[in-house]
Amino acid sequence: MPCLRPTCYDLGMCLGIPGKVIGIDGLEATVDFFGVRRQVRLDVVDEPVALGDYVLNHVGFAIRRIPESEVAETLKLFAELAAAGDDQDLLAADLRAELAATRKSEK
Amino acid sequence: MTADPGGVAELKFRDPGRARELTMALARLAESRERAPVTLMHVCGTHEQAIARFGLRSSLPPGLRVIMGPGCPVCVTDFGEVDEGVALALQGVRIATYGDMVKLPGSSKSLADAQTEGARVEVVYSATQAVELARATEEPVVFFASGFETTAVTTAAILLAGPPANFSVLSAHKYVPPAMEAVAGLPDTRVDGFLAAGHAAVITGYGLFEDFARRHRTPVVVAGFEPLDILAGLVKLLEMIRDREYGVANGYPRCVTRAGNLRAQESLWKVFEAADGPWRGIGVIPDGNLQLRKEWAALDARRRFRIDVSGLQQTERSELSRRCLCGKIMVGLVEPTQCPLFGRECVPDSPVGACMVSSEGTCKIWYQYGGRPDLGGTP
């Protein structure tokens with residue numbers, strides 16, 4: 001879950017997190033991040049994004065479509081970081097900030 | 001919740017065979033060099049986080065140094081830029097900004113100081129959230145925006161999407177390639193190879209570094225953020241140095257292409273233009289700042305408001321702040337532990353310099369992951 005306490009204010013300026021596209025509505029996509037559904041914007045990503053694609057996201061925007069065949073290792077790393085990090089772990093805190101940058105999904 | 005050390009070890013050596021191969025290759029390559037030590041520079045806070053978190057420096061052979069360059073956009077935000085944000089906030093304008101910017105010291109005050117004097121400063125995690133703040137009110141909202149090109153493209157995107165009229169941007173966005181140029185040109189810094197930041201290269205493409213590598217006779221490798229990506233990037237750099245191959249290698253092909261994200265580049269340059277500007281602790285970097293183009297004057301806080309920073313800049317910088325070595329740390333001349341303030345007068349809760357403020361600052365990363373993280377391999 002995104003942490004919104006003051007100690008978690010840090011924001012990685014170039015971290016980026018991968019997620020799977022499970023819905024598209026115009027310039028917004030619903031993306032699954034390790035089981036958490038969030039809305040991200042599609043203004044910046046350059047390739048057409050389809051349901052089931054993986055995208056790399058930064059501060060609430062998809063910046064790159066990632067081939068599914070190459071995403072598995074990355075996903076494992078991020079899922080573990082998301083689960084393991086405490087407030088002192090900057091990499092994990094930046095990852096939570098990236099999630100906090102996305103909009104909550106209504107659905 | 002605390003980090004599970006077992007988990008970290010597992011991550012570091014998810015593919016232990018591959019990790020062993022890579023560290024052995026590093027050792028062989030470093031040993032075969034006639035001229036030691038070799039210094040490799042990366043320019044990304046996330047790389048430093050991964051190196052420190054996963055203890056990668058302990059895997060480096062003697063004679064190989066890996067240092068961080070100006071890879072923290074918050075750290076290089078100049079005093080004058082912070083002063084502009086603080087002045088606007090103290091004038092009563094609502095400020096939305098990324099969290100790391102709040103504690104960043106200006107000439108005499110930070111945004112956090114302004115907050116205690118009653119100014120309204122709100123932390124956002126995205127440009128979209130800043131626009132939402134503006135939509136929810138009639139009064140002016142200024143988005144004090146920081147970050148390298150990867151983040152600047154998102155600021156460009158919200159401007160192109162048509163924000164409300166009460167919204168404007170105070171840009172402290174920075175552009176990485178000119179800073180690499182500046183570091184490579186410094187007489188005191190000898191960098192033998194650069195590890196370029198993967199996610200900035202997602203936007204700009206790796207082709208951008210080809211001319212740089214040729215001119216400075218310094219290889220560049222674009223690398224991802226996983227421990228094995230970083231080790232593989234270092235191996236590739238040592239091979240290129242050995243073979244005098246002064247070009248660019250893409251070690252992150254799953255995300256980076258030669259041309260980069262053309263749509264993002266088009267948006268970026270439609271909204272921003274490169275301008276000379278001071279980087280904190282480093283000096284003026286030609287074309288290092290991203291400022292709004294004239295066509296966007298109506299949404300440019302610098303053109304829209306009279307920002308008077310003179311009251312903030314009259315005081316002398318404190319004795320402590322003059323002893324801060326952030327500038328030298330950011331160009332790789334000294335390490336955080338060589339700063340007399342590190343971990344003593346300067347800690348994350350009361351930072352003296354910008355490098356201890358941001359989660360991407362070298363000092364904060366070293367402090368947070370235990371002082372001098374696993375520097376077994378440095379000379």
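The area buried between domain 1 of chain B and domain 2 of chain B is about 720 Å², with carbon and sulfur atoms giving 64% of it; buried area is the accessible area (1.4 Å probe) that two parts lose on being put together, summed over both. Asp100(B), Lys103(B) and Ile282(B) supply 56% of the area that domain 1 of chain B buries against domain 2 of chain B, more than any other three residues. This is a predicted model, in which local features need pLDDT of at least 70, side-chain atom pairs count only at pLDDT 80 or more, and totals for chains, interfaces and linings use all residues. Residues are numbered from 1 along each chain as its sequence is written, chains are lettered from A and ligands numbered from 1 in the order in which they are written, and side-chain values use heavy atoms, leaving out hydrogens and water.

The domain bounds come from an automatic or database domain assignment:

| Domain of chain B | Residues |
|---|---|
| domain 1 | 79–176 + 261–304 |
| domain 2 | 320–369 |

Seven residues from domain 1 of chain B and ten residues from domain 2 of chain B take part in the contact (heavy atoms within 4.5 Å). The centres of the two domains, taken over C-alpha atoms, are 24 Å apart. Across this interface the rule finds zero salt bridges (a side-chain nitrogen of Lys or Arg within 4 Å of a carboxyl oxygen of Asp or Glu).

Ala127(B), Thr128(B) and Val131(B) of H6(B) touch Thr154(B), Thr155(B) and Ile158(B) of H7(B).

Methods:
Helices (H or I, at least four residues) and strands (E, at least two) are DSSP runs, numbered from the N terminus.
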